[in-house]
Amino acid sequence: MKLYKWLLFIATLPLLASCFEDETTHADRPLSHITIEQGIDTLYNIYKLDTLVIAPVISQTGKEKPLSYTWEVNLKPYSHEEVFEYVGKELGKFNCRLIVENEDGKSFFPFVLYVNSEYEYGITVLSCDEEGKSMLSFMQEPMTVDAVAQFTSGDCFARNNPDVDFAAGAVDIAQSGGRLIVACQGGGERSDYPTIYYLNEKTMVVENMFTVPEYSDFKPTKLGVPIVSPIASVYPIICENGKVYDFSINEATVSKPRKLKYTYAQNCIVNVNGGYYDILLFDNDNKGMSLIYNGYGPYYCGEPYNMMLGDSLFATKNHFANRELITMTKISMTQQQKNVAGHQEFLAMSKLAGTPGVSTRSEVLYTDFWRYDYVNQETVFFTSNTQLTTLMNNPIKSSTPCIANKTYYTLLFADGNKVRRWNYTSSIADLPQAPVLLTVGSPEAVITAFEISENHKITYVAFYEPSKKGLNGSVWLFDTDTGEVLEKHNDFCYRPVKMFYKTR
C-alpha cells in the first residue's frame, strides 16, 4: 500500500511542475487593457440620408493583441468593422455603443446619434419652368451663428421621390398638420390631370396623391388651407375662373362647393388663432369680403354687423357693396404685436366696380372684423387707417406680389424688378409715387413673391430672369427698413411660384 502511494506521488510530479511553469509564464505576460482614446464623441447629429463615419483610436496597455469590434445601434449589432459607417435612413434618436475586445477583456463606449430632418424650418420655394416642370427648393435656417444658410442642392421633389413623376404646373403649396400640400394644374407636354400631393413635412417624401379628372374647369390657383392640423375636413381651392371647389383633406377628394358657390378674386388669406382659423376671400359676384370661420359661413363684412348673403340689409350695409377688390394681404405681426392688438390685421384695397382708377379705398381690417358687444347687445365692426381717394394710376394690381408688416407699417410691392415701399397708414394719394427700396437682377427680371422673417428685420424677395433658360429663379435677402442687400442666392430654381417660411 505504501509502495502504491509512493508510485502515485511520483506520477503527479510532472503535472505539478507544469502548474508552476504556467504561473511563471502568466507573470511574464501581463494583461493588455483596451482604451478608446479619441476619434469618437458622445453625441452626433446628422441629416437624413447623410453618412456618419467614425474612426476610433484604440490603444492597449501591454503587448498589442488582435482586436475585434462590435458597433451596436439600439442594442442590436450593426457592424464588426473597425470604422463605423452609418447612413441615416430613418429620422429619430438612436442609442449606440462601440465594444472593442481582445483575449484579455473588453472596453465599451456608448454614444447617441440623432438623425435629423434638413427640412425642419426655413425658406421654402415652389417654382415652375416654361414647360410646367415643378421644383421644390429649401433653405434651412442656420443651426449656429457662424453658419451660412444655403439652399439644398437639387430639387426636393426629385431627390426624395425618385419614382414620382410630378404633374406639370405647380401653383401653390401649404403646410398643414405635419404635411406639405402641393397643388398642380397638370397639362404641359404630358397632358396630365390636375393633381394634389401630400408630402411629409420633415422628409419631403410623397405620402399620398390624387388626381382630379372629373371637373374640366378645375385648374387650381390658391389653397385655402390653414397650417394647423385639420380642424374641419373641407377647405376651399380657388381656380383660374374664380370658381371654388371643396377640398376634403381627410378623404383626399375635391368636390363641388357647398358654401362658396360664386366666383371669387384670386386672393386668399388664411389666419390661425389658437385652435381657430379664418379664411378670407372676396366674392366677385356679390361684392363682399367673405369669411369662413372654423368651417362656418360664409359671413360678409357688413358695416353694423356680420351679415349673411340672404340678410335684408345686405345691399345697403355690405361694407364692400359695389366695389372690386384690388388686393388684400395679411399684415405680418410679431407674437408680441398680436398679444397687444388681440387680433390679426390685414390690408385691403378696393375700388368702385367697373370704374378703373376711380375712388380707391385702402384700409386695415381685422380677421375678426366683427365682435359682439354684450353690454349694448350689438355686434361691432372693426376697421382702421381708412384712406379714400381717386387714383388714376394705381401701381398695384390684383396680381401684384406684396407683403405688409406692422413693425414699420410698410407695404412692400413689386414693380417689375423693383421693390417699392409705401406706409399703409399714410395717404393713399402717395401710393403712385411710392419710392423704390431695392432693385433686383437685370432690368428684365420679374419679382414673383415675398416673405419676411419673424422679427420683420429681413425680407426675402423671389424673382426670375425671363430671358434665361433652366434655373433662372433667385432669392435675395435684404434689410426691411433700409433695403440693404444681405444675401444673394442666384439661379437655383425655376420661376418662383410661392415662397413661404416653413415652421417645425
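Is C301 buried or exposed? I looked this up before anything else. C301 counts as buried, because its relative accessibility is 0%. Buried means under 20% relative accessible area, exposed over 50%, and partly exposed in between, with a 1.4 Å probe and protein chains only.

**Ground rules**

I noted that this is a predicted model, in which local features need pLDDT of at least 70 and side-chain atom pairs count only at pLDDT 80 or more, while totals for chains, interfaces and linings use all residues. Residues are numbered from 1 along each chain as its sequence is written, and side-chain values use heavy atoms, with hydrogens and water left out.

**Cysteines**

I looked up C493 as well, and this residue counts as buried because its relative accessibility is 0%. I then looked for disulfides, taking a disulfide as a pair of cysteine sulfur atoms within 2.5 Å. The count by this rule is zero.

**Overall numbers**

I recorded four helices and 36 strands for the protein. Helices (H or I, at least four residues) and strands (E, at least two) are DSSP runs, numbered from the N terminus. The protein has 504 residues, and buried residues make up 48% of them. For contacts I used heavy atoms within 4.5 Å. Among contacts between residues at least 6 apart in sequence, 50% join residues at least 24 apart.

**Nonpolar cores**

I took a nonpolar core as a set of buried Ala, Val, Leu, Ile, Met, Phe, Trp, Tyr and Cys residues joined through side-chain atoms within 4.5 Å. The largest one has 28 residues, and those with the most contacts inside it include I196, F210, F218 and V254. Strands β12 (170-176), β13 (179-184), β14 (195-200), β17 (234-239), β18 (244-248) and β21 (276-283) each supply at least two residues of this core. The largest share, four residues, comes from β17.

Leaving aside neighbours within four places in sequence, F210 is in contact with P194, T195, I196, Y198, F247, A252, T253 and V254. Another core, of 20 residues, lies apart from the largest one, and I46, I54, W71 and F94 are among its members.

Strands β12 and β13 pair in the antiparallel sense over six bridges. I counted two strands as paired if DSSP finds at least two bridges between them. The bridge partner of Q175 is L180 in β13. The hairpin has two residues between the strands, and G177 there takes a positive phi near 55°.

**The loop between β14 and β15**

Which residues does T203 contact, leaving aside its neighbours within four places in sequence? I found K48, L91, S117, Y119 and N160. T203 lies in the loop between β14 and β15 (206-211). T203 counts as buried because its relative accessibility is 11%.

M204 lies in this loop between β14 and β15. Phi of M204 is near 65°, a positive value in a residue other than glycine. M204 counts as buried because its relative accessibility is 0%.

**Other backbone entries**

I also noted H456, in the loop between β32 (446-452) and β33 (458-464). Phi of H456 is near 70°, again a positive value in a residue other than glycine. H456 counts as buried because its relative accessibility is 1%. Most residues other than glycine have a negative phi, and most peptide bonds are trans. The bond from G297 to P298 is cis, with omega near 10°. P298 is found in strand β23.

**The sheet that holds β23**

I looked up the open sheet of four strands, which has the order β20-β21-β22-β23 and antiparallel pairing. Its edge strands, each pairing on one side only, are β20 (269-273) and β23 (296-300). Strand β22 (residues 288-293) pairs with β23 in the antiparallel sense over three bridges. L291 stands opposite Y299 in β23.
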